[in-house]
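Let's walk through this one together, starting with a sheet and then moving on to the ligands. Keep the viewer open as you read.

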Amino acid sequence: MKIKLNIWKQENPKAKGKFVKYELDGVAEEMSFLEMLDSLNEKLIKEHQEPVAFEHDCREGICGSCGLYINGRPHGPGDEIGTCQLHMRAFREGDSITIEPWRAKGFPVIKDLIVDRNAFDKIMAAGGFISIDMGQAADANAILVSKEAADKAFDAAACIGCGACVAACKNSSAMLFVAAKVSQFALLPQGKIEAKRRALNMIAKMDELGFGSCTNTGACEAECPKGISIDYIAMLNREYLCASFSETE
Amino acid sequence: MSKLDSKIPEGPLAEKWSKYKASMKLVSPLNKKKLDIIVVGTGIAGAPAAATLAELGYNVKSFCFQDTARRAHSVAAQGGINAAKNYKSDGDSVYRLFYDMIKGGDFRAREANVYRIAEVSNAIIDQLTAQGVPFAREYGGTLANRTFGGVQVSRTFYAQGQTGQQVLLGGYSALKRQVSLGKVKMYSRRQMLDLVIIDGKARGIITRNLVTGEIERHSAHAVVLATGGYGTIYYLSTLAVNSNGSAAWQAYKKGAFFGNPSFVQIHPTSIPVLNDYQCKLTLMSESLRNDGRIWVPKEKGDKRDPNIIPEDERDYFLERRYPAFGNLVPRDVASRAAKERCDAGFGVGKTGLAVYLDFRDSVKKQGEKAIKGKYGNLFDLYEKITGESPYKTPMMIYPAGHYTMGGLWVDYNLMTTIPGLFAIGEANFSDHGANRLGASSLMQGAGDGYCILPYTITNYLADEIKTKLPSTDTPEFEEAAKTAKERLDKFLSINGKQTATSFHKRLGHIMWNYCGMSRNEEGLKKALQMIDDLQKEFWSDLKIPGKVEELNQELEKASRIADFLELAKLMALDALNRKESCGAHFREESQTEGGEAQRIDSEYSYVAAWEYQGDNKEPKLHKEELKFENVEVKVRSYK
Ligand SMILES: Cc1cc2nc3c(=O)[nH]c(=O)nc-3n(C[C@H](O)[C@H](O)[C@H](O)COP(=O)(O)OP(=O)(O)OC[C@H]3O[C@@H](n4cnc5c(N)ncnc54)[C@H](O)[C@@H]3O)c2cc1C
Ligand code: SF4
Ligand code: FES
């Protein structure tokens, strides 16, 4: 099939970007969305034009590299998929597809469709860990964890750090991302000890880095490729309140 | 004396590592603060190494080419991680894990290293659990296990089909903690271009800042490469598409020997090639073979819907050929068996290059819910790509390039032949011989990073406490930076007509056809010629747009492919040299009547370690003879 593309091009972080239109023929239904962009790029290079820069690596929805805002939706049409798992069967002959980078203050554009998500690393460094040095751990079965808690912790831990939640949110809040990490650890006995400190520090860092606050619209949950539930935000709020409380005591 | 000294400690196998630790040299906390270590790679080997070295007090610089450490290719590992915990009381032990790996590797790995990795495996699970890795649990709250190919015990720990992600995030969070404590400095979006050697020792690296294009210099007292495997040389493979062999290759060209480059694992259960645009194949985890049965129709070219093919018209060829292990034979055996059926005309699907992996019986026996609990996300993944539900229709699978057992040659210290240059994880050749068993790579990477390297590098650095951090203005750094820059300029100046990707695709085809699942002398010689021609074409007709001084993904690709073109030749050469079949290396000239791999121990019981002699010169082969003192070397049988 033949499609029309409207893609954000921006030379570097300081440059002013703009939309550029392309037409692409010979798009097959079974192509993945990124394979479609690959073939666009191959064509552009041969025609002595600049290819479109976009980020990707695993191409199976687990590394979190890919992240495109497609026709107004993070990761495009389809539920619980990363951009790399979107296939062209979701589109029709003659469709126009608009592709943009994540738009959020916390994620400045580096080039074309690539944004800087370093802020997530900074939030993680503020508390997204359990403080245990190598060599200090007891036998793994010395800590019993109910299957239910382990499964719930796993569901939260499935976050791939893609940033779609931020891109989907009208406040550009990173609450779902933070909540997933805080909840994963809070659900496990190993993580309980630092739970309060973790919630306070990660949220403070998130605020500092220019992410907005959460007004519970649920847009993040709807677009999260890993189906992370906003129930975890409620859990984070509890941890946070509890922690702020004991801080002021 | 040969330059190859594996430095295996004296004493009984089970005591070597504890004796080593008890007698190694130490570095005082005060001196550790004065020592800098570069760790390239943040996968399941690199992230734990950087974190653990920082915990010990060293100053660590950590590098990766992704935007963040958490996206290293390890994140994609699916099925699990092994340990000899014997939580199931099914007769597992450190010795049995060691034995399974030695046998699985077809007696082409070094006993002492393999035993050590088995020995530290339990501590890894303890550490990961303490870090909050949400491994699967039983109702009683204890950790759950499953079985992987090539073994008869349940020793694999897992987190659904996302074990790699969870285990890597454990290492990543430990790394982030050290970043916050100021002990690790992160350099993401950096591509290592060269290794810098001063007075015979590894002292730094040259990198390209992938955002600005700037060529940077970094110095240290020691350099660790945790840069992963080179399976993407086949173009289509199960690896993340930007994985590459460049760092190891640059180290090779600076004098580090390359061990068994041709030993590549072809994984039996990947989603088959569907079309021409694909740049990657998606793995379906080996754990599926616990409950899925592999078959093809007994009738050639039977195109019926698999669900209506009656039981007695199905050939469960693994169960038929290998009754003792059935669907759980090791990967090399399963891959070859599938290829044999397809080559003989029994393959299924549009291309005839696929076999069925069928869950019908397990769904019937255990219920859809139980199967979903074990493999839910893998089934979803499959359905997203193919549009078919494995709950209803058997999966179609075919072998794909997956893992490189070969890599930089290292001694017992995990040090390469360049003093001060260490290699860990998939980047080294060390523990898997000629074939790797499932769930043992995460174990090896994590073991190298958390448990082994922190000791062995300390033993090395104890002699470096008086060395000042080298300046990056030395002639060696100047020279390396200059050469790296010139090479990048060269790519841009060719200004030909063909894209980097098109060359990669063609190289992949050559390697898959002649240096893949089965090899022969004629094919390998042909491949060498073809690679040579392709390389010439590459350097005269490559088209790279843009500049060096900007984010330029095509330029990144070009430099990886240029290295692959050289590495490909070494792989073919190594495969040509080894006239026996062993593990994943199947030389058609050396097989039993039943079509099984035939080792020739009298001639090839060695590690082939290749030394670079200059471009366009035949590399020099060094042999590390393998001695087996603790296992009986047998014909590897899974019947
Ligand atoms: C689909 C799939 C599933 C798998 N499942 C399992 C499993 O269930 N169990 C198991 O044990 N094993 C599994 N494996 C194998 C296992 O995942 C890998 O062998 C292992 O993760 C390799 O880890 P590593 O740390 O050595 O390297 P990687 O994780 O590949 O990391 C390489 C690192 O090096 C960096 N790097 C590389 N080159 C450069 C350069 N030039 N400059 C700067 N940085 C560089 C990268 O940025 C990255 O951080 C699987 C493999 C695949 C492909
Ligand atoms: S919570 Fe979901 S959307 Fe947000 S970063 Fe994690 S995986 Fe992406
Ligand atoms: S490329 Fe890894 S999640 Fe899409």
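Before we look at a bridge, a quick word on terms: two strands count as paired if DSSP finds at least two bridges between them. Keep in mind, too, that this is a predicted model.

Start in chain A, where five strands make an open, mixed sheet in the order 2-1-5-3-4. Strand 2 (18-24) and strand 4 (73-74) of chain A sit at the edges with a single partner strand each, so one side of each has no neighbour in the sheet. For strand 2 of chain A, look at strand 1 (residues 3-9): the two pair in the antiparallel sense over seven bridges. Within that pairing, A:L5 has A:Y22 as its bridge partner. Helix 1 (residues 33-46) of chain A packs on the sheet, touching strands 1, 2, 3 (69-70) and 5 (96-100) of chain A, and its direction makes about 90° with that of strand 2.

Now hop over to chain B and ligand 1. Of the 36 residues around ligand 1, those that come nearest are B:Q66, B:S74, B:E426, B:S441 and B:L442. A polar side-chain atom of B:S74 lies 2.5 Å from an oxygen atom of ligand 1, while B:T42 brings a backbone N or O atom to 2.8 Å from a ligand 1 oxygen. The protein buries 98% of the 1000 Å² that ligand 1 exposes when taken alone. By class, the shell around ligand 1 has 15 nonpolar, 18 polar and three charged residues.

Finally, ligand 2 has chain A residues around it, including A:F120, A:C159, A:C162 and A:C224. Its shell has 10 nonpolar, two polar and no charged residues.

Notes: Residues numbered from 1 in each chain as written. Chains lettered and ligands numbered in written order. Predicted model: local features only at pLDDT ≥ 70, side-chain atom pairs only at ≥ 80, totals over all residues. Heavy atoms only, no water. Helix = DSSP H or I, 4+ residues; strand = E, 2+ residues; numbered from the N terminus. Contact = heavy atoms within 4.5 Å. Axes fitted to C-alpha atoms, helices over the stretch in contact; angles between N-to-C directions. Near = heavy atom within 4 Å. Nonpolar A, V, L, I, M, F, W, Y, C, P; charged D, E, K, R; others polar. Polar contact = N/O pair within 3.5 Å; in protein donor to acceptor, adjacent residues only side chain to side chain. Areas by Shrake-Rupley, 256 points an atom, 1.4 Å probe, with all protein chains shown as cover.
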